[in-house]
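Okay, everyone, thanks for coming.

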Amino acid sequence: GYHGERQDTKFLREKAYETGYPVLIKAAAGGGGKGMRVVTKAIEFEEALLSARREAEAAFGDGRILIEKVIENPRHVEVQIFADNHGNVVHLFERDCSLQRRHQKVMEEAPAPGLTEALRESMTNAAIKAAKISGYRGAGTVEFIVDPAKRSFEDGSFYFLEMNTRLQVEHPVTEAVTDIDLVEWQFKVAAGEKLPLSQDEIRLKGHAVEARIYAEDPENNFLPSPGKLYGLHLPQGEGIRIDSGVEEGDGISGHYDPMIAKIIAHAPSREGAFNRLAHTLAHTVVAGPRGNVAFLHALATLPVVREGKVDTGLIAREATSLGSWPHQLDCAAVARGAAFLIEREQQRIAVRARKRSNEKSSPWNTLDAFGFGGSRETSYALNSDGKRVT
């Protein structure tokens, strides 16, 4: 791709052509999926570029763009690293964050399923090398992708994606499988101390998976659903950790990230961790704003997820089976259909009533197509997005 300073549209269009479609237009200062557009055809490039620039400038105050080759439906694997001021750099193994929607992580787990020791060693060595070359200090995450269309997940081929120079939302799964408090380590490094453990002393312990509970509506394209939390029940249990910044009675604002809580499940095995997560989600209650709890439960119990066959395109492919629709339902059409069914049922009731009374049907009051008196219209109070539909 192209990562240079020249930013005129004609030049970037040429670079996209040289890279080969599909390409990714990506904000240079971006993050969290903002300022990113996938372009599959040259004719779509200019419009996508303008859209990505507007979003990047609004979100980051920087409209510079990168052009990159798109790896379709890859695995997303990231390595947690830590560095101190004494030249020590260690990794705390990897996380698989492939379960995403629109570049936003939905569910994360550690360690990555199906990762061979050879590939783990290659990735972690690359992550440590990146930290050392850049003179990094503190907690950070080096992210990689694997292209399943070209190479298997087992052969050691991977690509650098980006580095997040902070502690990430999904860091609790790493804490669970290493039994290390990463925030405590941050304080120690900031105070000038050496890392508490060497690489040989850091061990994997079981499996952990995290789900992010949001005030958003999976049945309406995951739009934010702000409002008061009239009810919030997050079950506790063995191997379950709850991280939340809100409680029952609080309001979820429409101006900020609508996250309600994170549920982290830890167990000796991957199957056990997912079982604990699914059980906890099944007993979680969010009342008030619409939430994604049922969607997360469906994802945690989806057979292909349980088999570890995950990639970044899985949620989009399985949207309907997960209880999510990419487009909003035509509520007006549904209401009209309901009105038709109601009217048909009224006709049946009228027919049964006449039969019981042994009265002959009159052409003046019949509801069928042979009735006299001209056309008639009935209005039903059916709710469609808060509006009356006739």
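I'll go through a sheet, then a pair of helices, then one alanine.

Quick housekeeping: this is a predicted model, where local features need pLDDT of at least 70, side-chain atom pairs count only at pLDDT 80 or more, and totals for chains, interfaces and linings use all residues. Residues are numbered from 1 along each chain as its sequence is written, and side-chain values use heavy atoms, with hydrogens and water left out.

So, the sheet. It's open, with eight strands in the order β8-β7-β4-β5-β6-β9-β16-β14 and antiparallel pairing. Strands here are DSSP runs of E, at least two residues, and helices are runs of H or I, at least four, numbered from the N terminus; two strands pair if DSSP finds at least two bridges between them. At the edges are β8 (159-164) and β14 (240-244), each with a single partner strand, so one side of each has no neighbour in the sheet. On average, neighbouring strands are turned by 25 degrees against each other, ignoring direction.

Take β9 (207-214) and β16 (259-267): they run antiparallel, joined by eight bridges. Which residue of β16 is the bridge partner of R212? That's K262.

Helix α4 (171-178) touches β4, β5, β6, β9, β14 and β16, and its direction makes about 155 degrees with that of β9. Touching, or contact, means heavy atoms within 4.5 Å. Then α7 touches β5, β6 and β9, at about 45 degrees to the direction of β6.

Now α7 (293-301) also meets α6 (270-282): their axes come within 9 Å and cross at roughly 155 degrees. Axes are lines fitted to C-alpha atoms, for helices over the stretch in contact, and angles run from 0 to 180 degrees between N-to-C directions. The two are therefore roughly antiparallel, the word for angles over 145 degrees. From α6 we have F274, L277, A278, L281 and A282, and from α7 V293, L296, H297, A300 and T301. Those contact residues divide into eight nonpolar, two polar and no charged. Nonpolar is Ala, Val, Leu, Ile, Met, Phe, Trp, Tyr, Cys and Pro; charged is Asp, Glu, Lys and Arg; the others, Gly among them, are polar.

Last stop, A127, in helix α3 (117-133). Buried or exposed? Buried, at 0% relative accessible area; the cut-offs are under 20% for buried, over 50% for exposed, partly exposed in between, with a 1.4 Å probe and protein chains only. Leaving out residues up to four places away in sequence, A127 touches V79, I81, V142 and F144.

Technical notes
Angles under 35 degrees count as roughly parallel, over 145 as roughly antiparallel, 65 to 115 as roughly perpendicular and the rest as oblique.
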